[in-house]
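Please consider the following model, with attention to how its parts are assembled.

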Amino acid sequence: MMDRSKALARATRLRMNFEAAGAQVVEPPLLQPAGTLLDLYGEDIRARAYVTSDAVRGEQMLRPDFTLPVVQMHMREGAEPARYTYAGEVFRRQEHDPDRSNEYLQVGYEIFERDDPAAADAEVFALIALQLRGLPLRAATGDIGILMAAVQGLNTTEMRKTALMRHIWRPRRFRSLLDRYAGRSPVPESRLKLLSSEGPLTGSATVLGKRSEAEVAERVALLREDAAAAPIAENELLALEALMAVRETVPFAIEQMRDIAVDLPAINPALDRLDGRVAALKARGIDIESLDFEASYGRTSMEYYDGFVFGFYAEARPDLPPIASGGRYDALTRQLGQGGEIPAVGGVLRPDLMLMLEEGQS
Amino acid sequence: MSLKLGVPSKGRLMEKTFDWFAKRGLTLARTGSEREYAGAIAGVEDMELVLLSAGEIPRELAAGRIHLGVTGTDLVQEKLPLWEQQLEEMQPLGFGHADLILAVPQCWIDVETLDDLDAVAASFRKTHGHRLRIATKYHRLVREFLTEAGVADYQLVDSQGATEGTVKNETAEMVADITSTGETLRANHLKLLSDGLVLQSQATLWRSRVASYSEADRVALKALAGLIHD
């Protein structure tokens, strides 16, 4: 068992480093209203967070991360631009993996700033890399924004693009939608029957429940429209698949993605932004030549990130979660901003794991 | 100490369990008054009968307080996320069949698959301002099934009974419930999703991997295994 006071001391030191870098210390509460988290993550969050409740406030969750309360606080009362730091416990259920901690310390650094997102991305990454220097870690980076641009740029209907965008973070569902829209998977028998029948759209069944007849009819109409739409073109599909498979050091990854952009020109602006970020990282002394880039990185576990994403992993300990991770979450500020929005990027460190690796080294 | 067998304390499940063991030469019986939950076993030396609610048997097995237990696959998998590490499936008993299924109103003629459900959940949320509600008592199983299938924008609402009625009462849009014949579903104007079978369950004899076994317990277990596998 890791000595808790040592981890706390390390967390305090890291937070002081972030303060020295210009961040203001914030202390979000441990109990968070469950509604916001459920709206954002859906029921899946119940598998990850501890829920408690009382008769007056209803369901609350033990803070599963800091980003959400920090964003809410900033959108409510923050001045611009802002840099925040925090250190404290987060709580995660580990029912399928009891060897992982269900309570641990996180220290974070978050930037809310409108000008120069590339510089802000590089600032967060470089500052976190600096805290980790000397540890045997591998950094992985990615950019969800490139994938989103690729989907937005597909030559297909808005409905299909919306459905694909909604499942960017669920690779399996994304795959099955893509196969369907490309005409690769057979249309289910039941669907063919539904689309072929003329006349009333709601059938003869007793109408019950909150979903109205009109809603059913509307979807049937949409499905008919969709059945008439052309499949996604082969060259676009292959390009999208090639894009999702890109896994290289940054310079080679960019080269490959520029080639792919011949068939998916919509990703060029996102690639320009990546170029800008790479220049900013270089300016901060990050060795770009050996930095890994995976186009699909962050698609499974980092649901609110929509741009730059990164994680630091212990190479000799593949069983450990990332020692640090972070990314850009512009859309989250829009979702929680009640009309407001601001570009934002941040990352967190695990002081307990840092100590464990250091002890293993000595 | 003796080898403890946990059996549901009442109802058809208890009777059928008694019958199943009786056919294999093991007599289980309740002792004392109708209301007293005590039991006896004859047929294997050093065995003890523990009568419990079926819902508590998974927990008792996982805690190692009983060595063997009869309960449904559904209850084991709902209550024990690490059931494969904690329990060994010794023998399915061939009764107590029940499927945990997803069902939607029959009037949703546009919904036949999980794919449809996911699309409808997205538009329902947009239209009604809340996530599509699924009434169930099997929260873990349903959530894990839907996560695996990549269905989003739904919400589980707890229903411990009369689950099929929740749609009519508009406290849920659909249900995830146990069914053996589907008759209750049809009577409530609901239909199955074609790929919405969450779990097929039946009464099963489980062995705890975490309980401690004395020499006498091992002898008893071997004798029992000989009886049930013949």
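The paragraphs below describe the domains, the sheets and the interface in turn.

This is a predicted model, in which local features need pLDDT of at least 70 and side-chain atom pairs count only at pLDDT 80 or more, while totals for chains, interfaces and linings use all residues. Residues are numbered from 1 along each chain as its sequence is written, and chains are lettered from A and ligands numbered from 1 in the order in which they are written.

Chain B is assigned a domain 1 (3-97 + 202-229) and a domain 2 (98-201); these bounds come from an automatic or database domain assignment. The C-alpha centres of domain 1 and domain 2 of chain B are 32 Å apart. Nine residues of domain 1 of chain B contact nine residues of domain 2 of chain B, a contact being two residues whose C-beta atoms, placed from the backbone, lie within 7 Å. On the domain 1 side, helix 3 (residues 73-79) of chain B gives the largest share, four residues. Helices (H or I, at least four residues) and strands (E, at least two) are DSSP runs, numbered from the N terminus.

One open sheet of chain B has five strands in the order 4-1-5-12-6, with mixed pairing; two strands pair if DSSP finds at least two bridges between them. Strand 4 (47-52) and strand 6 (87-92) of chain B are at the edges with a single partner strand each, so one side of each has no neighbour in the sheet. Within this sheet, strand 1 (residues 3-8) and strand 5 (residues 68-72) of chain B run parallel and are joined by two bridges. Leu5(B) stands opposite Leu68(B) in strand 5 of chain B.

Seven bridges connect strand 7 (residues 98-105) of chain B with strand 11 of chain B in an antiparallel pair, where Val104(B) faces Lys191(B) in strand 11 of chain B.

The contact between the chains takes 32 residues from chain B and 30 residues from chain A. On the side of chain B, helix 5 (114-128), helix 6 (139-149) and strand 9 (154-158) each supply at least two residues. Helix 5 of chain B makes the largest share, eight residues.
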